[in-house]
Each structure stands twice: as C-alpha cells, then as structure tokens.
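Hi,

Here is the structure I said I would pass on. Have a look at it first, and my notes on what turned up are just below.

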Amino acid sequence: MLASGADFRILYAMTEGLFHGTTLFFALISGILFTRVLRGMPWARFYLNKFTNVILPYLVVSTVLVALQWPQVVAYLKANDLQDSFLHVLLLNVVTGSAEVQLWYIPVLAVLFVMTPALEAMLRFRNGVLLLLLALVPLVVSRTVSPHMLSVNSVIYFLGAYGFGMYLGERLEAMLALVRNFRALMWAVFLISLVANFWLFLSGYTPSGFFSLQESVVYLNKILAALLILELLQAHEDRMPRLLQTLGTYAFSLYFLHFTVMVNLDKALVQAWPGMSVVGVAAGALAIYLVSITLTLMLCIMLKKLFGRYSRMLIGA
C-alpha cells in the first residue's frame with residue numbers, strides 16, 4: 001500500500017521537529033568552551049587557534065568538495081553561458097558556505113569568533129546580564145532557513161546561543177544545580193515546545209518578516225534540551241560510555257564530513273528502491289544515518305592516525 005502525502009508530511013514534521021535547529025548546540029558548546037578553556041588566552045592566540053582548528057579545515061573540506069563537484073559545475077556554467085574559474089567558484093562557496101548544505105554555519109561561526117571580544121566584555125559587565133538579554137533576542141529575531149541560510153538574522157540568532165554558552169560556561173556548576181532544582185518544569189516546557197514544533201511543521205507554518213514563531217519555539221526547545229542533556233551528562237560523567245566520548249571527540253569532524261557520505265547513500269537507496277512506503281523511507285533514512293556516521297567516524301580516526309595532530313588542519317580533529 002502506497003503512503004499518502006499526509007503520511008510523508010507527518011514523517012517530515014517528526015524529523016524536523018526533533019532535529020531542526022540542532023546546530024544551536026555547536027554555538028552553545030563553542031561559548032562554553034571559550035569561558036571554560038580559552039578565556040584569558042591572548043586574542044592573537046585565540047584567533048590562531050580558531051583559524052587552525054575551524055577555518056583552515058573548512059577551507060580544505062570546501063576545496064575538496066568543489067573539486068569533486070567540478071565536472072557538474074562546469075556543465076552548469078557552460079549550459080548557462082557562464083565563464084568562471086575554479087578559484088572564483090571556490091571563493092564564492094567559501095564566503096557563502098555553500099560547498100555543501102551543512103557548511104553554511106561556518107561563515108556564521110566566523111562572525112561569532114570576530115564578536116567574541118565584545119561578548120567577553122559584556123560577560124564582565126554587571127555579572128553578565130547583557131549576555132542574558134542577548135540570549136533572549138533569538139526569541140524575537142529569527143534565523144533564516146533554506147535556501148537563504150546565511151543572513152544577518154542568522155548571525156543574531158546564533159550570537160544569542162553563543163553568548164548564552166559563554167555565560168553558562170562561566171558558572172556551569174551553579175547553572176546545572178538550577179536545572180536540577182527545576183528539572184520537572186524544564187522537562188514539561190521542553191515537551192510542550194517539542195509538540196508545538198511538530199505541529200508548526202505539520203501545519204506548514206509560514207513566517208513573515210524577521211520573526212518566525214517556529215524558530216522561536218525551536219530556539220527555546222534546543223536551549224532547554226542542551227541544559228537537560230548537560231545536567232544528565234554531569235550526573236553520569238563517571239559512567240560515560242566510551243562510544244559517546246569518541247563521538248564527542250570527533251563531533252566537529254563528523255559535522256564537516258558526514259553529509260557527503262549520507263547524500264550519496266540516499267541517492268543509492270532511492271535508485272535501488274523507488275516508490276518506498278513511509279515506513280521504508282523512515283527505516284532507510286535511519287539506517288543511512290547510522291551507516292554514514294559509522295563510515296565517517298572510521299574515516300576521521302584513520303586520518304587522525306595518518307596525520308596525527310595535523311589532522312586538525314584537515315578535518316578539525
């Protein structure tokens with residue numbers, strides 16, 4: 001029995017409701033790492049660290065991806081009577097983060113790094129109250145979504161999460177104690193926002209202007225999820241599974257590389273089994289996700305063994 005369009009809308013709403021906006025975790029973690037690890041480092045060293053561990057591997061990965069796609073790019077340019085060089089196309093992809101869909105976040109992250117001294121000054125002013133106010137701004141100024149992921153709105157949106165991460169990292173134990181005290185309430189709000197997020201995707205909500213109710217709900221949901229996960233990890237830090245620690249070590253590299261594997265497996269699945277049911281699509285997507293993470297993790301480990309500490313300059317790990 002073929003699935004209906006409504007079935008696929010439900011599946012779409014479920015996946016988007018759960019996973020849309022998870023890039024916020026990276027911004028939050030970056031802020032926490034700054035105040036827990038990098039704060040006090042001379043700014044020249046801070047920026048060298050970010051260039052070596054984030055921007056340089058981004059340039060390497062973007063170059064490889066553009067090179068792999070170059071035959072298709074040339075065909076497109078010729079079909080549209082356009083003349084372009086590899087360097088020009090690469091530069092455009094680097095500036096816009098468009099070499100592959102997940103890379104749009106790196107130009108945003110670069111702006112967050114540039115803003116870090118100003119945020120650090122805000123953190124020192126009146127016990128960080130300005131960063132708390134900044135963390136509320138994404139509730140009223142929403143990020144833009146595909147196909148226009150990169151925007152001033154998106155920078156503001158992620159700046160809120162990054163600033164909150166800095167605030168959180170400075171007083172992590174106290175904040176996690178607060179989470180423990182209000183755990184039941186936070187779980188309730190998290191679940192309500194998750195259901196609201198699912199409904200907004202299912203109903204096809206369309207935002208207008210710079211505000212999106214959906215992105216506000218996503219922001220609230222993901223910030224609460226991050227706080228609850230951090231409290232859970234702290235409670236069980238002495239019994240952390242080794243696999244989870246390994247995934248944490250290679251998280252940024254997996255972010256860089258996993259989509260290339262996943263999209264090619266997706267194409268192979270669609271070609272092999274066209275017209276799948278909604279259950280088949282869900283099961284196939286889950287299997288592809290797990291396989292792509294496994295293969296990418298193996299690739300990252302292999303590259304780290306081959307290049308040692310220099311692998312940071314290639315894949316960020």
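Helix α12 covers residues 251-272, and both Phe-252 and Phe-256 sit in it, four residues apart, or about one turn of the helix. Before you go further, bear in mind that this is a predicted model.

Back to those two. Phe-256 is buried, with a relative accessibility of 0%, and Phe-252 also counts as buried, at 17%, because the cut-off for that label is under 20%.

I also went through the aromatic rings. The search of the whole structure turned up 20 aromatic pairs. One of them is Phe-46 with Tyr-47, an edge-to-face pair with centres 5.1 Å apart and planes at 75°. What about their burial? Phe-46 is buried, with a relative accessible area of 1%, while Tyr-47 is partly exposed at 31%. Phe-252 and Phe-256 make an edge-to-face pair too, at 4.9 Å centre to centre and 65° between the planes.

The largest nonpolar core has 68 residues, and Tyr-105, Ile-106, Phe-158 and Phe-256 are the ones with the most contacts inside it. Which helix gives this core its largest share? That is helix α7 (residues 152-170), with ten residues. As background, nonpolar side chains in soluble globular proteins tend to be buried together.

Phe-158 is worth a click in the viewer. Leaving out neighbours within four places in sequence, its contacts are Thr-23, Leu-24, Ala-27, Trp-104, Tyr-105, Val-108, Leu-112 and Arg-143.

Is Glu-120 buried or exposed? Glu-120, which is found in helix α5 (residues 105-124), is buried, with a relative accessible area of 10%. The side chain of Glu-120 has a polar contact of 3.0 Å with the side chain of Arg-124. Not counting residues up to four places away in sequence, Glu-120 touches Phe-34, Arg-39, Trp-43 and Met-166.

One last thing, about another Arg: the charged end of Arg-171 sits over the ring of Tyr-167, 3.9 Å from the ring centre.

That's what I have for now.

Cheers

Conventions. Residues are numbered from 1 along each chain as its sequence is written. This is a predicted model: local features need pLDDT of at least 70, side-chain atom pairs count only at pLDDT 80 or more; totals for chains, interfaces and linings use all residues. Side-chain values use heavy atoms; hydrogens and water are left out. A nonpolar core is a set of buried Ala, Val, Leu, Ile, Met, Phe, Trp, Tyr and Cys residues joined through side-chain atoms within 4.5 Å. Buried means under 20% relative accessible area, exposed over 50%, partly exposed in between (1.4 Å probe, protein chains only). Helices (H or I, at least four residues) and strands (E, at least two) are DSSP runs, numbered from the N terminus. Contact means heavy atoms within 4.5 Å. A polar contact is a pair of N or O atoms within 3.5 Å; within protein, one must be able to donate a hydrogen and the other to accept it, and residues adjacent in sequence count only if both atoms are side-chain atoms. Rings of Phe, Tyr and Trp (its six-membered ring) pair if their centres lie within 6.5 Å; planes under 30 degrees apart count as stacked, over 60 as edge-to-face and the rest as tilted. A charge sits over a ring if NZ of Lys or CZ of Arg is within 6 Å of the ring centre and within 35 degrees of the ring normal.
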